Amino acid sequence: MVSSDTRSVGELERCVEAIDATAPAERDADDRARLTDALVALADAYGERGEFDAEAEMIARLDRLRGRSGAADVDVHLANALANATSVRDRDDLYATAIDPDRIEAYRGRIEDLYDRRPDPVIAAPLARATAETIHANGKGDRRGRIEPLLDRLETVYDAHAEPDVAASLLRAYAHAELYLGADGGAEESDDVPLGGDDALDGADTPPGTDARGDRVARAEELFRAHPDGEVAAGLAGVLAGRTNADAKRTDVEAIEERIGRIEALADRYPAQEESIVRWLPVATANAARAGFEAADVGRVEHWAGETAAHHERLSTPSSATWTAVATFFSARASFFDGDVEAGEAKLERLEALEERYDNPVFAHWLGRAMFDAARCYVETDRSERARSMVEDLSAFAVGHQDREEIEAGLDALRSHAPHLFDEADGATRASEGAANASEGAADATPESTDSTAESVDASPEPVGVTDETDEASTAAGADAVTPERTDSSDAPAADVRAETDSTASASRNEGAAADETADADLPGCGNCGEDGCGNCGPDDDLLPPASGPELAAVGAVVALVGLSVAYTLYRAQRVVRSAVGGS
């Protein structure tokens, strides 16, 4: 039960002070009831403002009041105050960049203690709500290995109290599990937990009474049939939206569109819960835009990116903004790949507006990737002034960025690929400086700073951060999210500059090997010698020094650009084939 008290913080504080002026022994039952209600509401009000110490003090006062009075109803109020303190969804703006899952888990544990002493439905409901919120907090805090055990505990609570409010909390928990773990489970620490795969039965086809717990969507449908309630419907909408992450990985646009239709139908059926249901739509529509891009279906990309933006205008939450950034990025990429520079630039401006509005690294991640697409498009279409301007903007953008090494390597590749668009002498200087800076950045960087980004892409568009400091800075960063997606996730979907560089570097090594074989045929010796010498016959024993770091970085960057050009060519070819097939 979330507090519905409409009094201001000042009014609540004055109410508490007035009752405090009366000695505890002189307070009647009405005074105690008014004090209890005021403490619950005041604790929640402090928590919503981010004043967590003050919130903790009000909860401590409730606990002392329970000890003195021994009244059973104070247990219920304390449990609800503790559950309110675990709220992540309703305090989304406070946890956009940082969260402390330990604090939230501690509050949930205190409700568990109350439930152990009094296993009644009135305590089970706040326990279920707090458990679902703790799962959300652990997902945002990149502690995904803790999600499955909490889901099991929540199922146990539901088995003992099969009530609609407990079922609604269970479905919200499953929704967050879909986002953070994916359809097959995604936590490294939970590999032994049997979960349904992508080919699991859809809940709508699962016969009543079937044990569908191996697949979260099927389980959600089962619970909804048992409790066709508005809050349960909102939980089902979350599970359906979360599953679109896995659908997008398979480029299954049709499946995503079916789930979007189902969510919209739920919103129509339960108008009182419409807001709680449609808040999940940006997740699904952004994934539809992502999958449309992977399928080279520009019409779908534009449609679903527009739908995502429309949902964000209505909801205007940090979460909807994150998914809007994901959809806008893929829409911009489709425009740039298609050579529609003006449309791509308009979408780039939208990403810039989001990045300025929200203090979350996920937006900088998507903006940076879109800027690279724009720069490549300018180079491919021979727009020298715009190309130079964008490269300068990206150089400034890279300063202090966690992906500085990859950004600067990509810029060097652009300059090397189109020297006629850049001043060659100046370009050579910048290439050397960029390689040196990249080496320094690599020394300072930690594996976590880059790996968390990639992982968050398909988990959630929200950043995956450090426990109590950077909560979601994660998806963001990575967000191919889807996260957002991070994105990853999220937390989204396409490979970032680092991945593209690695894959093309491998190709460059293969090409280099073929060239070496041709060169070796003209060298003296046993046939196995190279210009660096041979261990078999001995000629040219003096080895040449290995290639320097800047040289290797430059080669890798050039190869990365070649890979991007090939990807662009394949994309355009796929568009032509699809158009030809559609026209016939």
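These questions and answers walk through a predicted model of one protein chain.

Visitor: How many helices does the chain have?
Guide: This is a predicted model. The chain has zero strands. Its helix count is 24.

Visitor: What percentage of the residues of the chain count as buried?
Guide: The chain holds 584 residues. Buried means under 20% relative accessible area. By that cut-off, the buried part of the chain is 52%.

Visitor: How much of the accessible surface belongs to carbon and sulfur atoms?
Guide: The accessible surface of the chain comes to about 25,000 Å². Carbon and sulfur atoms account for 49%.

Visitor: Where is Thr-251 found?
Guide: Thr-251 is not a glycine, yet its phi is positive, at about 55°. Its relative accessible area is 30%, so Thr-251 is partly exposed. Thr-251 is found in the loop between helix 10 (230-249) and helix 11 (253-269).

Visitor: And Ser-316: buried, partly exposed or exposed?
Guide: Ser-316 also carries a positive phi, about 50°, although it is not a glycine. Ser-316 sits in the loop between helix 14 (298-315) and helix 15 (318-337). Its relative accessibility is 46%.

Visitor: Which helix gives the largest share of the negative patch?
Guide: The surface patch of negative charge gathers Glu-349, Glu-352, Glu-356, Glu-392 and Asp-393. Two elements give two or more residues to the patch: helix 16 (341-357) and helix 18 (384-398). The largest share is three residues, and it comes from helix 16.

Visitor: What is the relative accessibility of Glu-352?
Guide: Glu-352 is found in helix 16. It belongs to the negative patch. Patch residues need over 30% relative accessible area. Glu-352 counts as partly exposed, at 33%.

Visitor: How many salt bridges does the structure hold?
Guide: Side chains of opposite charge can pair when their charged atoms come close. The cut-off between nitrogen and carboxyl oxygen is 4 Å. The structure holds 41.

Visitor: Asp-20 forms a salt bridge with Arg-27. Which residue of the pair is buried?
Guide: The closest N and O atoms of Asp-20 and Arg-27 are 3.7 Å apart. Asp-20 has a relative accessible area of 33%, so Asp-20 is partly exposed. At 10%, the buried residue is Arg-27.

Visitor: Which residue meets Asp-75 in a salt bridge?
Guide: Asp-75 counts as buried, at 16% relative accessibility. Its side chain meets its partner at 3.6 Å, N to O. The partner is Arg-66.

Visitor: How many residues apart are Glu-105 and Arg-146?
Guide: Their side chains meet in a salt bridge at 3.0 Å, N to O. Glu-105 is in helix 5 (residues 101-117), and Arg-146 is in the loop between helix 6 (121-140) and helix 7 (147-160). Arg-146 is partly exposed, at 37%. The pair links distant parts of the chain, with a separation of 41 residues.

Visitor: Which residues do salt bridges that share partners join into one network?
Guide: A salt bridge takes nitrogen from Lys or Arg and oxygen from Asp or Glu. Shared partners join such bridges into one network. Its residues are Glu-148, Glu-178, Asp-215, Arg-216 and Arg-243.

Visitor: What is the count of aromatic pairs?
Guide: A pair of aromatic rings is described by the distance of the centres and the angle of the planes. Centres must lie within 6.5 Å. The count is eight.

Visitor: Are the rings of Phe-52 and Tyr-95 stacked or edge-to-face?
Guide: Phe-52 is in helix 3 (residues 52-69), and Tyr-95 is in the loop between helix 4 (72-85) and helix 5, 43 residues apart. Phe-52 is partly exposed at 22%, and Tyr-95 is buried at 3%. The ring centres are 6.2 Å apart. The planes are at 15°, under the 30 degree cut-off, so the pair is stacked.

Visitor: Which residues form one aromatic cluster?
Guide: Phe-330 and Trp-366 have ring centres 6.1 Å apart and planes at 55°, so this pair is tilted. Phe-330 lies in helix 15 and Trp-366 in helix 17 (residues 361-380), so the pair ties together parts 36 residues apart in sequence. Both are buried. The cluster is Phe-293, Phe-329, Phe-330, Phe-337 and Trp-366.

Methods
Residues are numbered from 1 along each chain as its sequence is written. This is a predicted model: local features need pLDDT of at least 70, side-chain atom pairs count only at pLDDT 80 or more; totals for chains, interfaces and linings use all residues. Side-chain values use heavy atoms; hydrogens and water are left out. Helices (H or I, at least four residues) and strands (E, at least two) are DSSP runs, numbered from the N terminus. Buried means under 20% relative accessible area, exposed over 50%, partly exposed in between (1.4 Å probe, protein chains only). Accessible areas come from the Shrake-Rupley method with a 1.4 Å probe; for residues, only the protein chains shown count as cover. Patches are made of residues with over 30% relative accessible area and no salt bridge: like charges are joined within 9 Å, nonpolar side chains (Val, Leu, Ile, Met, Phe, Trp, Tyr) within 5 Å. Lys and Arg count as positive and Asp and Glu as negative; His and the chain ends are not counted. The place of a charge is taken as NZ of Lys, CZ of Arg, CG of Asp or CD of Glu. Rings of Phe, Tyr and Trp (its six-membered ring) pair if their centres lie within 6.5 Å; planes under 30 degrees apart count as stacked, over 60 as edge-to-face and the rest as tilted.
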